[in-house]
Amino acid sequence: MSCPFHLVLDPSSRANPYPLLNELRDTPVALQDDGTYVVSTYREIVALLHDPRISSGRRTLDRTPAFIGLDPPEHDRLRRLAMRHFGPPHAPDKIDRLRPDMLAITTELIDNLAGKQRADLVDEVAYPLPVAMICRLLGVPREDESQFHAWADRLIELLSPRDEHRAERQEVADKLDDYLGGLVDERRHKPGDDMLSGFIADGEMTRDEIVRTGVLLLIAGHETTINLIANGMLTFLRRPDVLVRVHDDPELIVPAVEELLRYEPPVQMISSRVALEDVTVGGVTIPAGSPIVLALAAGSRDPDHVTDPDTFSLDRPRNEHLGFGGGIHYCFGAPLARLEAQIVLTELVRRLYNPRLVADPPPYRPSPILRGPRHLWVDYDEVFPAR
Amino acid sequence: MSRPGTADLVRVVVDLTRCQGYGQCVFLAPEVFRMREEVLLYDLDPPAGRRDHVLRAAAACPVQAIHLDWRESRNLPETKPGGSTYEGRIVIVGGSLAGARAAGTLRREGFTGPLTVISEEEGEPYDRPPLSKQVLTGQVAPENTRLPRLREVEVEWLAGTPATGLDVAAKKVLLADGREIPFDRVLLATGTRARPWPDEAEAKLKGVHTLRSAQDAAGLREALAAGPKRVLILGAGFTGSEIASVCRELDLPVTVVERGSAPLVSALGGVIGDVAAELQRAHGVDLRCDTTVTSLEGDADGRLRKAHLSDGSTVEADVAVVALGSVRNVEWLEGSGLAAGVWGVTCDAGCRAVDINGLVLDDVFVAGDIARFPHPLYQYQFMTLEHWGNAVAQAEIAAHNMISDQAHRWPHVSVPVFWSSQFGVNIKSVGVPTFADEIAVTQGSTAGHRFVAAYGYQGRITAAVTFDQGMWLEHYQRLIEQAAPFPSENATPVRVPEKLSATAEATVVVTGHDPAERRVSLLLPGGRTS
């Protein structure tokens with residue numbers, strides 16, 4: 001049995017894991033040496049995302065997790081309480097109303113690229129926009145960014161489908177909890193129009209639940225979108241034909257971002273699931289108690305699901321992908337990430353004149369789960385003014 | 001940017017069979033899509049200025065359930081190698097959901113021959129589910145429910161003229177105006193109409209409505225908007241319950257009279273029916289079960305005044321909606337030699353009609369609400385499904401088979417999916433809930449009105465129902481497809497009412513002795529034979 005999964009995790013395959021993921025699909029449900037089952041084909045992944053016998057409650061830290069690590073009914077309760085201050089049914093246009101802010105921040109970030117001919121699009125654009133937006137939504141002071149950024153980055157680096165670095169993860173997670181806890185206590189006395197204040201005012205979450213939810217949204221709210229934006233520019237710059245089409249027809253950014261989520265997904269796999277009962281999928285019985293990894297990036301390139309899967313195409317009639325997962329844990333912040341990526345990529349394509357990659361492949365961040373470039377150095381001739 | 005033919009118009013239809021309530025469309029186009037828990041309501045004909053929002057929303061749908069183009073079929077393979085070689089003349093009788101989808105599918109699969117659609121109703125084909133929901137509340141105008149981009153299908157539309165006969169031997173459809181439309185292959189998709197109140201004089205009282213067409217919806221909307229003192233609804237099936245829900249949303253007093261022990265009982269059984277009853281009462285509906293309306297009474301001006309009930313009571317109401325189910329539009333097929341009657345038009349799993357002798361006809365196909373087909377998952381029992389999703393799926397299979405040779409035909413074996421939204425809850429079902437002897441709540445609780453219940457027949461899962469838990473439905477669909485064992489814990493009897501066999505009227509007479517001569521004819525009322 002070919003099990004190239006450990007090779008996927010190896011840093012050497014970070015720049016291009018896709019040949020290995022294609023190989024991985026030869027065994028749709030593959031047992032690893034440590035007892036983990038890796039699932040890599042589209043149909044089987046979708047089946048497990050919707051299977052109530054698969055739990056998200058695989059505990060790796062000694063604490064009650066945020067809703068991402070809970071099952072119904074607790075998951076449903078906490079996610080719904082969080083959604084009250086983020087989207088439908090209670091706040092349907094909250095994210096839509098942020099569009100002008102997103103554009104204003106993007107404009108400012110790209111203005112700052114003028115007067116030089118080289119920039120790191122990760123540090124100078126892809127990172128600052130989502131951080132600014134999630135800080136504003138949650139009510140986290142932007143001045144604290146240097147503080148929580150280091151912790152968040154470290155936590156992402158330590159993410160692994162294997163149960164490693166437990167002590168250090170616990171330590172960093174505690175620091176983030178303490179920081180968010182302090183903010184929650186401040187908001188209790190001085191409420192604002194942010195999500196943390198909303199959670200407190202509802203009075204339906206405990207302090208711990210507010211803190212865990214806050215930490216989750218803070219980290220997930222920007223660590224993934226950075227990769228979506230950076231992977232996006234990288235893909236465009238590798239495909240001049242795509243760059244030209246998106247430049248000439250800005251409406252194409254909509255299918256382009258969906259295709260990015262399929263072709264270069266920021267979240268490559270879900271590594272936190274566990275079987276509650278024996279579950280048979282793809283002809284393999286996963287015994288109760290087994291850890292399960294869902295290889296989303298492999299599933300979205302499954303040739304049994306999508307034609308010509310290894311080609312980036314703006315012309316797919318129906319793009320159903322696993323970029324945001326699926327089922328009850330479907331990415332909470334998906335609409336925010338979509339709009340941010342659509343706006344920032346449109347502006348970059350429109351305003352950078354003659355952009356070129358300095359290094360291909362660029363250096364990558366270490367995580368095999370949240371995958372994206374650490375830096376994206378780009379040379380350009382000029383920055384066009386904003387409209 | 002300008003794509004040909006799409007300058008600024010964008011119409012929307014959401015396949016709520018597929019929708020799982022992710023709500024991405026609401027985030028991206030909140031002025032077009034609205035959501036209450038898992039209930040999705042939307043504007044089918046949004047203002048032109050919202051086009052870019054709608055495109056974003058459609059692209060973002062995780063299950064691609066938002067249709068901006070009714071010519072596309074999501075269930076079929078993207079391309080058909082070589083396309084169709086069938087060159088005959090195709091006629092579709094019925095221009096609603098199934099007929100329109102079949103027309104689109106035929107063209108998409110490469111059929112280039114002459115194609116005619118005969119439609120009784122004037123105007124473009126439209127979507128019916130919104131008629132008992134966002135149209136009645138006034139959020140969407142009845143005329144703004146048309147299916148998107150159907151106009152662009154190359155079809156000869158004969159609208160406003162009902163078909164009155166089918167001559168199978170001469171291969172002609174006869175129209176009410178005397179025209180005869182020749183065909184090489186024909187698809188029958190004439191659907192259903194609302195079952196009228198049996199007393200014709202009482203049915204004509206002002207204030208008495210049925211709901212099936214856009215025109216019906218316009219009339220009922222006007223009556224509800226006028227602020228009646230009380231609305232009386234006869235029948236608590238899905239349509240009646242949805243109308244009752246709208247009345248409560250509009251803060252109108254409403255009485256629902258149901259012959260069965262609870263609402264929805266004939267579709268979902270007594271256990272779920274009791275949940276639906278509680279839901280109605282919690283929303284202020286005056287629900288009277290195990291009761292029927294015996295007569296409607298008008299005033300001197302012929303205006304509805306009150307109703308007399310089987311328990312001897314009366315209900316004063318100025319608007320009544322007769323929601324007692326539907327009648328299949330098959331009368332025009334009398335004498336055609338098809339196995340057609342009130343039970344539907346019998347066909348094989350490939351949608352080919354069966355004649356009165358039980359022989360399959362190669363050139364006559366059936367789809368949608370009138371098609372009575374054998375379902376292998378349910379012991380090959382013949383069933384008719386009056387579901388949006390079945391009309392679409394069956395029309396696609398029928399269209400494909402009409403232009404394919406025997407070796408490339410497909411069976412219609414999709415698992416039925418149905419949805420309804422009422423009292424703020426999105427109710428969905430998969431499988432055939434009446435094909436069951438047991439039921440068990442497998443997730444959530446009925447008390448919280450958020451749950452999944454599985455139905456079992458002789459130890460295997462045959463159906464499931466969700467209340468605001470749509471994301472789990474496809475898991476249960478898979479279990480049904482695999483004939484998975486029914487979870488016996490917490491199981492209770494399902495309490496499905498025994499149905500009168502609709503085919504009881506299908507009495508036939510066999511004549512002849514020689515196998516080459518033996519034939520069947522249908523015994524009609526009064527002792528006539530067909």
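**Exercise 1. Salt bridges between the chains**

Task: In this predicted model, determine how many salt bridges there are between chain B and chain A, and state which residue of chain B pairs with D76(A).

Solution. 
Step 1. Between chain B and chain A, the count of salt bridges is 4.
Step 2. One of the salt bridges joins D76(A) to R450(B), with 3.7 Å between the closest N and O atoms. This separation qualifies because a salt bridge requires the side-chain nitrogen to lie within 4 Å of the carboxyl oxygen.
Step 3. Polar contacts are counted separately: 9 residue pairs, both members at pLDDT 80 or more, are in polar contact between chain B and chain A.

**Exercise 2. The side of chain B that touches chain A**

Solution. 
Step 1. The largest share comes from α2(B), with 6 residues.
Step 2. In the contact as a whole, chain B takes part with 37 residues and chain A with 38 residues.
Step 3. The size of an interface is often expressed as the accessible area lost when the parts come together. Between chain B and chain A the buried area is about 3300 Å², and carbon and sulfur atoms give 56% of this area.

**Exercise 3. Two residues and their surroundings**

Task: Decide whether V281(A) is buried or exposed, and which residues T210(B) contacts beyond four places in sequence.

Solution. 
Step 1. V281(A) belongs to strand β6 (residues 279–281) of chain A.
Step 2. The relative accessible area of V281(A) is 7%, so this residue is buried, the limit for that class being under 20%.
Step 3. Residues up to four places away in sequence being left out, V281(A) touches V29(A), E44(A), L48(A) and I286(A).
Step 4. T210(B) sits in the loop between β13 (208–209) and α5 (214–225) of chain B. Its relative accessible area is 24%, and T210(B) is therefore partly exposed.
Step 5. Apart from neighbours within four places in sequence, T210(B) is in contact with A194(B), R195(B), D216(B) and V322(B).
Step 6. The C-alpha atoms of T210(B) and L234(B) are separated by 9.8 Å, the two residues being 24 residues apart along the chain.

Notes. Residues are numbered from 1 along each chain as its sequence is written. Chains are lettered from A and ligands numbered from 1 in the order in which they are written. This is a predicted model: local features need pLDDT of at least 70, side-chain atom pairs count only at pLDDT 80 or more; totals for chains, interfaces and linings use all residues. Side-chain values use heavy atoms; hydrogens and water are left out. Helices (H or I, at least four residues) and strands (E, at least two) are DSSP runs, numbered from the N terminus. Buried means under 20% relative accessible area, exposed over 50%, partly exposed in between (1.4 Å probe, protein chains only). Contact means heavy atoms within 4.5 Å. Buried area is the accessible area (1.4 Å probe) that two parts lose on being put together, summed over both. A polar contact is a pair of N or O atoms within 3.5 Å; within protein, one must be able to donate a hydrogen and the other to accept it, and residues adjacent in sequence count only if both atoms are side-chain atoms.
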